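Dear colleague,

Please find below the structure that I am handing over to you. My findings follow it.

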Amino acid sequence: MRIDCTCIYILPVTISDATPDLATSSGATTTPSTDQAWTPRLWGVLAVLCLVMFLDGLDVSMVGVALPSIGTELGLSTTSLQWIINGYVLGFGGLLLLGGRTADLLGRRRVFLIALTVFAIASLVGGLVDNGTLLIASRFVKGLAAAFTAPTAMSILTTTFKEGPARNRALSIFSVFGASGYSSGLILGGLLTSAGWRWTFLMPVPFAVLALVAGAVLIPRDRAADNGGHDIVGAATLVSGMLLAVYTVVSAPARGWADPLTLGSFALAAALLASFFVVENRVAHPLVRLSILRVGSIVRANLSIVALFGSYLSFQFMMTIFLQSVLGWSPLEMALGLLPAGIIVAFGSPFVGRLIDAFGTARMIIAALTSLSLGYLWFLFAGSDQPHYAVAILPSVLLLGVGFALGFTSIMAQATSGVDDSEQGLASGLVQTSAQVGAALVLALTTALVTAGSHTATGISGAGFHQFHSGLVLVTGVALLGLLITVSPLFRRVLNPA
């Protein structure tokens, strides 16, 4: 069950003074007040942004349904299959902050159109290749394109909608489009995979072309920034460090955790990631101003999104393999079985903004992570080699749908709350990067646990529920840890009432 990892974006862009108005053609401002009437052009731009979000949700869920079929036809192991997901996630998360900065420096419209073109081409290539390595490479390139497309598509979000009810409602609307794409992708993925998994890669192409044409017509031209620069070294150390860390975790079970090459790879990955923080403290135009991490609510939001996305994506990956490869469900049966989660998010997200207004973000995040934890715990104890859908699977699906619906918008609102408009891009991009990086690392660990001790070609042949038990324990622990971090301020207030 996946909505998150890549279907909903709140991303980093600093709006320059030269950005033209979306509500008029005069080029005055991009930040209309909450009582400003929106023109047809403004709604047209919003429709393009929502189409991009719908497209990504559609693409992600269809690919998830197709994983077992891809593995069978191309002879890919469970370890290799996770790279089809993680390749996209790492490409997206690694260059997300650089993508936002590039859009600001070179012009949002130009970057959007170029990156969306690459996105469409990568989708087409993914549906045509016959080699697992090329398929994974196409997913990585697609993630890189999304790292540039998404910031330009969503740059107006937190600067157009003022903090409070307007922004909360805007976040809810975008969540609906992501969830709708995901829900549609589940059904289409089941149908298309029955005809051939390649169609799940080719299906997004016409959507991308439509968004490309509409964006070229509707998105106003903007000027590049007069000054500024790229943090190429920071981006390179971040991406290379993450890729090496995930690769090492995934390959460690076969090579051995104490193998010198494994230990050396971990050390090098740690050095690269440490270098990233050193660079950010010294470079003139850093991807991340590290002092923003002194704000406790922002730090907790970033850790909460790791718990939300990391556990959710990993559980979806395990369920996809378990239901189809172990229980023998067809792609369509699996899609229908997991569909209730997407429906809950699609129809529940519009109301989350009102709940945030009434109860605050902290309480909503606590409720979300509690629901997620209960969903994982339920399947952990109720699951078996022959689980009854209504007893073991459906309750987990419903709890996870509620948890994601409540959690995503609430975490994004907390991550950008109290932040000046000039740093909204930094705060929102940081939390989205945390989501992608956290999801990649948790998925890598989950895959390592699921495949540990397996010596089959696929890593799942002849497996039963027990093969996934350790992975389920991990995702449950991740969700519970996120819950503990979220409630920690309450504990401090109880212990220190003064």
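A residue counts as buried at under 20% relative accessible area, as exposed at over 50%, and as partly exposed in between (1.4 Å probe, protein chains only). By this criterion, 58% of the 498 residues of the chain are buried.

This is a predicted model, in which local features need pLDDT of at least 70 and side-chain atom pairs pLDDT 80 or more, while totals for chains, interfaces and linings use all residues. Residues are numbered from 1 along each chain as its sequence is written, and side-chain values use heavy atoms, with hydrogens and water left out.

The chain holds 17 helices and zero strands (DSSP runs numbered from the N terminus: helices H or I of at least four residues, strands E of at least two). Among contacts (heavy atoms within 4.5 Å) with a separation of 6 or more, 84% join residues 24 or more positions apart.

Helix α12 (residues 296-326) packs against helix α14 (residues 361-382) at about 25°, with the axes 11 Å apart; axes are lines fitted to C-alpha atoms over the stretch in contact, and angles run from 0 to 180 degrees between N-to-C directions. The two are therefore roughly parallel, a term for angles under 35 degrees. On the α12 side, the contact includes S304, Y312 and F322, and on the α14 side, I365 and Y376 are among the residues involved.

Finally, A390 lies in helix α15 (residues 389-416) and is partly exposed, at a relative accessible area of 46%. Its C-alpha atom is 9.8 Å from that of G337, 53 residues away along the chain.

Note on methods:
Angles under 35 degrees count as roughly parallel, over 145 as roughly antiparallel, 65 to 115 as roughly perpendicular and the rest as oblique.
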